[in-house]
Amino acid sequence: MKKLLSVALIATLAFPIASFAQGKVGTVDMNRAFKEYNKTKDAEAKINEAKNSAKKEYDDRAESYKKALDEINKLNQQLEAPALSADAKTAKAKERDDKIANIKNMEREINEFRQTRERQLQEQALRMREGIVKEITDVVMERVRANNLDLVFDKSGMSLNGVPLLMYSKDNMEFTNDIITALNKNTPATTSASPAAAAPAASPAGSPAKTTKP
């Protein structure tokens, strides 16, 4: 009886595998398709342009902050001069305190700007990536329907252990070149560098220095 059960179990497991083996299978390298799609290169250029614009604005703010900090340090040095009259000392101390209050506001604004722009750049890159992946997926699905494929594997997929999910496939199963050709058919070629739309957006710059206390 146990032997019969074992045979029946093996037959049950083997049946879907045998049925699957008779189906039509294809493979595509989604990572390569993403990299070689001209829209990915255009997206990289737009992201880099936005990053450079954010960095320039941050640098301008940081330069203004540095000048304000230098002015506070100069006032501190002047307040230490023994020849300074009491009235002049009081006036310079007030001027210094006003500048300290102003520079604290500048610190807050700079940090808020940095955080906001980082988030905006990340969201922009994510939107572009999602849009590009959808376009690639749509073209893959067109190929699936046209060739009546039963299953398609992504050759660039990796398991949690870092092992390729697809260990082996015949060359005639892959149609990545066809996907790339279809994607770039109506897109003018570009000479941009390798894509960076998938990458997390970098910070425009670091945090500003802290205010020098009197």
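Mentor: Begin with the term helix. Here, helices are DSSP runs of H or I with at least four residues, numbered from the N terminus. V133, for example, lies in helix α4. Keep in mind that this is a predicted model.

Trainee: How many helices and strands does the protein chain have?

Mentor: The secondary structure comes to 5 helices and 2 strands. Along the sequence, the pattern reads α-β-α-α-α-β-α.

Trainee: How do I describe two packed helices?

Mentor: Two packed helices are described by the angle between their axes and the distance between the axes. Take α3 (residues 38-79) and α4 (residues 86-147). They pack at about 170°, and their axes are 9 Å apart.

Trainee: What does that angle say about the directions of α3 and α4?

Mentor: An angle over 145 degrees counts as roughly antiparallel. Therefore α3 and α4 are roughly antiparallel to each other. The residues of their contact divide into 22 nonpolar, 5 polar and 16 charged.

Trainee: Now the inside. What share of the protein chain counts as buried?

Mentor: The chain has 214 residues, and 28% of them count as buried. Its accessible surface comes to about 14300 Å². Carbon and sulfur atoms account for 55% of that surface.

Trainee: What should I look for among buried residues?

Mentor: In soluble globular proteins, nonpolar side chains tend to be buried together. In this model, the largest nonpolar core has 19 residues. Those with the most contacts inside this core are V28, I132, I136, V140, F175, I179 and L183.

Trainee: Which helices each supply at least two residues of this core?

Mentor: They are α2 (30-36), α3, α4 and α5 (176-183). The largest share, 7 residues, comes from α4. A second, separate core has 10 residues, including Y58, L69, I72 and F113.

Trainee: Next, T27. Is T27 buried or exposed?

Mentor: T27 sits in strand β1 (residues 25-28). Its relative accessibility is 1%, so T27 counts as buried. Beyond residues up to four places away in sequence, T27 touches F153, K155, L166, S169, M173, E174, F175 and T176.

Trainee: How do I see the chain folding back on itself?

Mentor: Pick pairs of residues and compare sequence separation with C-alpha separation. T27 and V140 are 113 residues apart along the chain, yet their C-alpha atoms are separated by 9.9 Å. D171 and T27 are 144 residues apart, with 9.0 Å between their C-alpha atoms. For V133 and F34, the values are 99 residues and 7.1 Å. Now the whole chain: among contacts with a separation of 6 or more, 88% join residues 24 or more positions apart.

Trainee: Why does D171 count as exposed?

Mentor: D171 counts as exposed because its relative accessibility is 72%, and the cut-off for exposed is over 50%. D171 lies in the loop between β2 and α5. V133 has 29% and counts as partly exposed.

Trainee: One last feature. What is there to notice about a phi angle?

Mentor: Most residues other than glycine have a negative phi. N148 has a positive phi of about 55°, although it is not a glycine. N148 is in the loop between α4 and β2 (151-154). N148 is exposed, with a relative accessible area of 55%.

How values were computed
Residues are numbered from 1 along each chain as its sequence is written. This is a predicted model: local features need pLDDT of at least 70, side-chain atom pairs count only at pLDDT 80 or more; totals for chains, interfaces and linings use all residues. Side-chain values use heavy atoms; hydrogens and water are left out. Axes are lines fitted to C-alpha atoms, for helices over the stretch in contact, and angles run from 0 to 180 degrees between N-to-C directions. Angles under 35 degrees count as roughly parallel, over 145 as roughly antiparallel, 65 to 115 as roughly perpendicular and the rest as oblique. Ala, Val, Leu, Ile, Met, Phe, Trp, Tyr, Cys and Pro count as nonpolar, Asp, Glu, Lys and Arg as charged, and the others, Gly among them, as polar. Buried means under 20% relative accessible area, exposed over 50%, partly exposed in between (1.4 Å probe, protein chains only). Contact means heavy atoms within 4.5 Å. Accessible areas come from the Shrake-Rupley method with a 1.4 Å probe; for residues, only the protein chains shown count as cover. A nonpolar core is a set of buried Ala, Val, Leu, Ile, Met, Phe, Trp, Tyr and Cys residues joined through side-chain atoms within 4.5 Å.
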